[in-house]
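Let's take a look at the aromatic rings in this one. Here are the sequence and the model.

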Amino acid sequence: MKKNVIIIGAAGRDFHNFNTYFRGNKDYNVVAFTAEQIPGIDDRLYPKELAGEDLYPKGIRIYPESKLPELIKKFNVDECVFAYSDKPYSYVMGISAIVNAAGANFV
C-alpha cells in the first residue's frame, strides 16, 4: 500500500532526498514539503517538471512548518521525513513529538 509522506524542510536536503529516493517511487506519495528556514518559500510549488509529471502532475505544495499537525491529518500522512542537516537535537526531537502526537511516524 502506498504511504503518504511529508518531507520536512524545503529548498535543500529535502529536495535532494525527494529527487534521489521518492521521485518515481510508486510506494510513496509525497503530499507536501514544509518550510521553516528560507523566508517566503512556503505556499509555493515544487514544480511538476522536477517532481515527475506522471506521479505529481500539479507539482508538490510547500507549506509553513507550523501547519505540520494540520497537514498530517488533512492528507492522512503515514510518515514525515526530517530533511534538515543543521538542526540541534532538541529541535529534531520537538518536531518528532509533534509528528507522533498527530499520528504519523517520524523518519
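## A charge over a ring

Which residue lies over the face of Tyr 91? That's Lys 87, at 4.3 Å from the ring centre. The charged end of Lys 87 also sits over the ring of Tyr 84, 5.3 Å from its centre. (To sit over a ring, NZ of Lys or CZ of Arg must be within 6 Å of the ring centre and within 35 degrees of the ring normal.)

## What we're looking at

This is a predicted model, where local features need pLDDT of at least 70, side-chain atom pairs count only at pLDDT 80 or more, and totals for chains, interfaces and linings use all residues. Residues are numbered from 1 along each chain as its sequence is written, and side-chain values use heavy atoms, leaving out hydrogens and water.

## Ring pairs

Searching the whole structure turns up 13 aromatic pairs. (Rings of Phe, Tyr and Trp, using its six-membered ring, pair if their centres lie within 6.5 Å; planes under 30 degrees apart are stacked, over 60 edge-to-face, and the rest tilted.) One of them is Phe 18 with Phe 33, edge-to-face at 5.8 Å centre to centre and 70° between the planes. This pair links distant parts of the chain, 15 residues apart: Phe 18 is in helix α1 (residues 13–22) and Phe 33 in strand β2 (residues 28–35). (Helices, H or I of at least four residues, and strands, E of at least two, are DSSP runs numbered from the N terminus.)

Phe 18 and Phe 33 are both buried (under 20% relative accessible area; exposed is over 50%, partly exposed in between, with a 1.4 Å probe and protein chains only). Ring pairs also link Phe 15, Phe 18, Phe 33, Tyr 46 and Tyr 56 into a cluster.
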